[in-house]
Amino acid sequence: MALLRPLVLNDLFKMHHCNLDNFTQTFDVSYYLDYLAKWPHLCKAIENQSGQVEGYILGQVEASPYPPPVPPFSPATNTNPNYRPWHGHITALSIAQSARRLGHATLLSEAIERGSDAENAWFVDLFVKGNNTPALECYRKGGYSVYRRVDRYYSNEEDALDMRKPLRRDVQRQTIRENGEDVLVSPRDVG
């Protein structure tokens, strides 16, 4: 049975095998350290019975860097569709190829959802490559839907799908939309 636990500094030297596919975006060590310092409660690892890291997630809570169009934020009065209120964000989620389809991604994303709910976030969002079918299926099964498509978001010019899952604060589910795949925005709109 796998163990969900906090991601710790030494894990950075044990998780390289989780990043060996063409869908996984990797970062330099300082990026991981920044997350461990700022949001340690939203950085988790999955460990197998032998103590090997089989997957990890980096999360954060954030809002757009500018104030809401109509303070305080309410989905009903928001006039800027690119404004993002207080929300959880999955920055990275990666599972070793040998440990896929075991439910690890679900356990990790649910941990971020619980942590974000505890901080009264409106939703959890993430960006995923539009051609990453296994990840899209996993996230949809977990209750995520596409909010918008970000044109040429990745360095190889691939589009990203911005997916969201509403949390308890969004009782009326106003921070999600239907047909998000048809809403195309530029990368500067998501900053």
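Tutor: A search of the whole structure turns up zero disulfides, meaning pairs of cysteine sulfur atoms within 2.5 Å. This is a predicted model, in which local features need pLDDT of at least 70 and side-chain atom pairs count only at pLDDT 80 or more, while totals for chains, interfaces and linings use all residues. Residues are numbered from 1 along each chain as its sequence is written, and side-chain values use heavy atoms, without hydrogens and water.

Cys-43 is buried at 0% relative accessibility, whereas Cys-138 is partly exposed at 29% (buried is under 20% relative accessible area, exposed over 50%, partly exposed in between; 1.4 Å probe, protein chains only).

Now the sheet. Eight strands (DSSP E runs of at least two residues) form an open sheet with mixed pairing, ordered β1-β2-β3-β4-β5-β7-β6-β8. Its edge strands, β1 (3-6) and β8 (184-185), each pair on one side only; pairing requires at least two DSSP bridges. Helix α1 (residues 29-38; helices are H or I runs of at least four) packs on the sheet, touching β2, β3 and β4 (contact: heavy atoms within 4.5 Å). The direction of α1 makes about 65 degrees with that of β3 (lines fitted to C-alpha atoms, for helices over the stretch in contact; N-to-C angles from 0 to 180 degrees). Strands β3 (53-62) and β4 (87-95) are antiparallel over eight bridges, with Gly-55 bridged to Ile-95 in β4.

Glu-47 lies in β2 (43-47) and is buried, at 18% relative accessible area. The Glu-47 side chain makes a polar contact with that of Arg-5 at 2.7 Å (N or O atoms within 3.5 Å, one able to donate a hydrogen and the other to accept it; residues adjacent in sequence count only if both atoms are side-chain atoms).
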